[in-house]
Amino acid sequence: PARVMEVGETAWLAQATIITPDGVEVPGVEELVESGVVAKVEGSQPRFERDVRDYDALFQDNYLARVRLQEEIADISRKISEVRITAQEAQTLLGRFADTERRLKFDEAGYQRELAAINKHLAELDASYNKVLAELKAGFVENQQLASQIERIQLSAAAAINRRLQQQATETTAQ
């Protein structure tokens with residue numbers, strides 16, 4: 001287990017990076033100096049020092065960051081659940097819309113069949129109407145011709161009657 005070193009304590013550092021039996025890489029002095037973690041102190045023996053860290057503050061910051069991350073993870077998980085529920089509801093609505101669309105297409109096909117039958121019947125009615133109208137026109141023309149003939153016949157009959165009456169009147173006056 002790791003422990004925090006107190007100010008002024010001495011720790012031995014390896015010259016080069018070593019790997020512990022459990023696979024942890026421990027940097028050596030040269031690497032620590034290059035990265036600025038420790039600084040060489042001038043003197044007879046090689047000695048290095050580093051700034052003391054406030055581990056309580058670091059652990060508190062780490063804990064607060066972890067709490068914030070857990071809250072963000074929970075919020076994101078909640079949003080993911082909401083999106084999944086919304087997606088399921090959308091799929092349900094799409095299924096309903098697809099069913100409605102199928103029914104409407106079926107209804108449209110029936111409407112088209114009915115419309116074709118109505119149009120056929122209308123065409124037959126138009127043909128029948130035109131035939132009756134032509135017959136009426138022909139009957140009207142024939143009636144006018146017959147009326148004209150009747151009028152001529154009546155006039156000629158009236159003229160014949162008048163002639164006969166005059167003839168009879170002339171015969172009776174001559175008698």
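Reader: How do you know which element has the highest mean pLDDT and which the lowest?

Author: By comparing the mean pLDDT of the elements: helix 2 (residues 55-174) has the highest, 93, and strand 4 (residues 47-49) the lowest, 53. For the protein as a whole the average pLDDT is 85, and 83% of the residues score at least 70. Where pLDDT is low, the predicted coordinates should not be read in detail.

Reader: Then let us look at leucine 32. Why is leucine 32 called buried?

Author: Leucine 32 has a relative accessible area of 13%. Buried means under 20%, so leucine 32 is buried. Its place is in helix 1. Leucine 32 and threonine 17 are 15 residues apart in sequence, and their C-alpha atoms are 9.5 Å apart in space. Across the 175 residues of the protein, 3% count as buried.

Reader: And valine 24? Why does valine 24 count as partly exposed?

Author: The relative accessibility of valine 24 is 43%. Exposed would need over 50% and buried under 20%, so valine 24 counts as partly exposed. You will find valine 24 in the loop between strand 1 (18-19) and strand 2 (25-26).

Reader: Which residues make the nonpolar surface patch?

Author: Ile18, Val24 and Val26 make it, and the patch covers about 210 Å².

Reader: What makes up the patch of negative charge on the surface?

Author: That patch gathers Glu25, Glu30, Glu31 and Glu34. Glu counts as negative. Helix 1 (residues 29-35) gives the largest share of the patch, three residues. Glutamate 25, for its part, is found in strand 2.

Reader: Why is glutamate 25 called exposed?

Author: Its relative accessibility is 52%. The cut-off for exposed is over 50%, so glutamate 25 counts as exposed.

Reader: Now for the salt bridges. How many does the structure hold?

Author: The structure holds five salt bridges. Side chains of opposite charge can pair when their charged atoms come close.

Reader: How do you know that arginine 78 forms a salt bridge with aspartate 75?

Author: Their closest N and O atoms are 2.9 Å apart. The limit is within 4 Å, so the pair forms a salt bridge. The two residues are three apart in helix 2, which means they are separated by about one helical turn. Arginine 78 has 46% relative accessibility and so counts as partly exposed. Aspartate 75 is also partly exposed, with 27%. Asp75, Arg78 and Lys79 are linked in a network of salt bridges.

Reader: What about aspartate 99 and arginine 102: why are they separated by about one helical turn?

Author: Because they are three residues apart in helix 2.

Reader: Why is arginine 102 exposed?

Author: Arginine 102 has a relative accessible area of 53%. Exposed means over 50%, so arginine 102 is exposed. Aspartate 99, at 33% relative accessibility, counts as partly exposed.

Reader: What makes lysine 105 and glutamate 101 a salt bridge?

Author: The closest N and O atoms of lysine 105 and glutamate 101 are 3.7 Å apart. That falls within the 4 Å limit, so the label salt bridge applies. Both residues lie in helix 2, four residues apart, about one turn of the helix. Lysine 105 has 51% relative accessibility and so counts as exposed, while glutamate 101, at 44%, is partly exposed.

Notes:
Residues numbered from 1 in each chain as written. Predicted model: local features only at pLDDT ≥ 70, side-chain atom pairs only at ≥ 80, totals over all residues. Heavy atoms only, no water. pLDDT = per-residue confidence, 0-100. Patch = residues over 30% accessible without salt bridge, like charges linked within 9 Å, V, L, I, M, F, W, Y side chains within 5 Å. Areas by Shrake-Rupley, 256 points an atom, 1.4 Å probe, with all protein chains shown as cover. Salt bridge = Lys/Arg side-chain N within 4 Å of Asp/Glu carboxyl O. Buried < 20%, exposed > 50% of the residue type's maximum accessible area, 1.4 Å probe, protein only. Charge placed at Lys NZ, Arg CZ, Asp CG, Glu CD.
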